[in-house]
Amino acid sequence: MDNAEVIEKMKKGNDLYLNSLRNEGNVSPEIRQKTAEEGQHPYAIVIACSDSRVIPEAIFSAGIGELFVIRVAGNVLDNHQLGSIEYAASHLDANVIVMLGHTGCGAVSATIKGSTEGYIRYITDDIREAIGGEKDDYRATVLNVKHGVSVIRRAFSEHPEIRSDELDIVGAVYNVDTGKVDWM
């Protein structure tokens with residue numbers, strides 16, 4: 001599939017999910033065996049929040065081996081997540097990267113409220129850089145997603161093994177109440 005077909009497949013997968021009572025992705029014993037023998041060949045990389053309501057494989061009706069998912073609270077990026085993206089893009093040939101934020105994100109809300117301590121502040125400090133003084137939860141989520149897209153673009157703009165012109169890096173926001181993904 002080319003990159004446009006991958007994005008269209010993910011959009012159609014989300015449409016399936018909106019009315020589904022179960023995951024439409026292939027999780028059969030046969031696909032488990034096939035990916036065990038032949039390895040993984042994901043068509044997309046998804047960076048998503050660790051929130052238990054955000055399940056990229058379900059949201060996009062994907063099965064085993066279809067998505068390379070990186071999850072971290074607030075869908076923030078550091079060298080660990082960038083290394084995972086690099087691996088999937090350079091070794092698994094996944095050329096579509098989706099930065100997936102979501103409504104009702106606790107990390108975004110904590111950043112807006114400005115009261116975090118401990119290790120959580122590393123997450124909120126990163127989000128604060130992205131959202132500035134924004135107080136609206138949805139707009140802050142969108143700014144955080146756009147920031148992540150920008151970080152990825154900068155990180156791979158001159159990578160020796162990854163041609164940035166072959167990558168499609170897109171932002172999206174998952175609505176936890178409706179299940180719909182808004183693409184940016």
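# Exercises on a predicted model

Not counting residues up to four places away in sequence, isoleucine 85 touches Ile45, Ile47, Ile70, Leu77, Ile97, Ile152 and Phe156. The exercises below concern a predicted model, and they start from this residue.

**Exercise 1.** Determine which residues of the largest nonpolar core touch the most other members, and which elements supply the core.

*Solution.* The largest nonpolar core has 23 residues, and those that touch the most other members are Ile45, Ile47, Ile85, Ile97 and Ile152. As a next step, one traces the core back to its elements: strand S1 (44-48), S2, H4, S3, helix H7 (137-156) and strand S4 (168-174) each supply at least two of its residues. H7 gives the largest share, 6 residues. Apart from this core lies another, of 19 residues, including Met10, Val54, Val98 and Val181. As a general background, nonpolar side chains in soluble globular proteins tend to be buried together.

**Exercise 2.** Decide whether leucine 67 is buried or exposed, and describe its surroundings.

*Solution.* Leucine 67 belongs to strand S2, which covers residues 67-71. Its relative accessibility is 10%, and because buried means under 20%, leucine 67 counts as buried. Leaving out residues up to four places away in sequence, its contacts are Met10, Pro42, Tyr43, Ala44, Val46, Pro56, Glu57, Phe60 and Ala62. For one of these, valine 46, the separation from leucine 67 is 21 residues in sequence, while the C-alpha atoms are 6.9 Å apart in space.

**Exercise 3.** Locate asparagine 95 and find which residues it contacts beyond its neighbours within four places in sequence.

*Solution.* Asparagine 95 sits in the loop that runs between helix H4 (79-91) and strand S3 (96-102). Once neighbours within four places in sequence are set aside, asparagine 95 is in contact with Asn3, Ala89, Glu166, Leu167 and Asp168. Asparagine 3 is 92 residues away from asparagine 95 in sequence, yet the two are 6.7 Å apart in space, C-alpha to C-alpha. For the protein as a whole, residues 24 or more positions apart account for 69% of the contacts with a separation of 6 or more.

Conventions
Residues are numbered from 1 along each chain as its sequence is written. This is a predicted model: local features need pLDDT of at least 70, side-chain atom pairs count only at pLDDT 80 or more; totals for chains, interfaces and linings use all residues. Side-chain values use heavy atoms; hydrogens and water are left out. Contact means heavy atoms within 4.5 Å. Buried means under 20% relative accessible area, exposed over 50%, partly exposed in between (1.4 Å probe, protein chains only). A nonpolar core is a set of buried Ala, Val, Leu, Ile, Met, Phe, Trp, Tyr and Cys residues joined through side-chain atoms within 4.5 Å.
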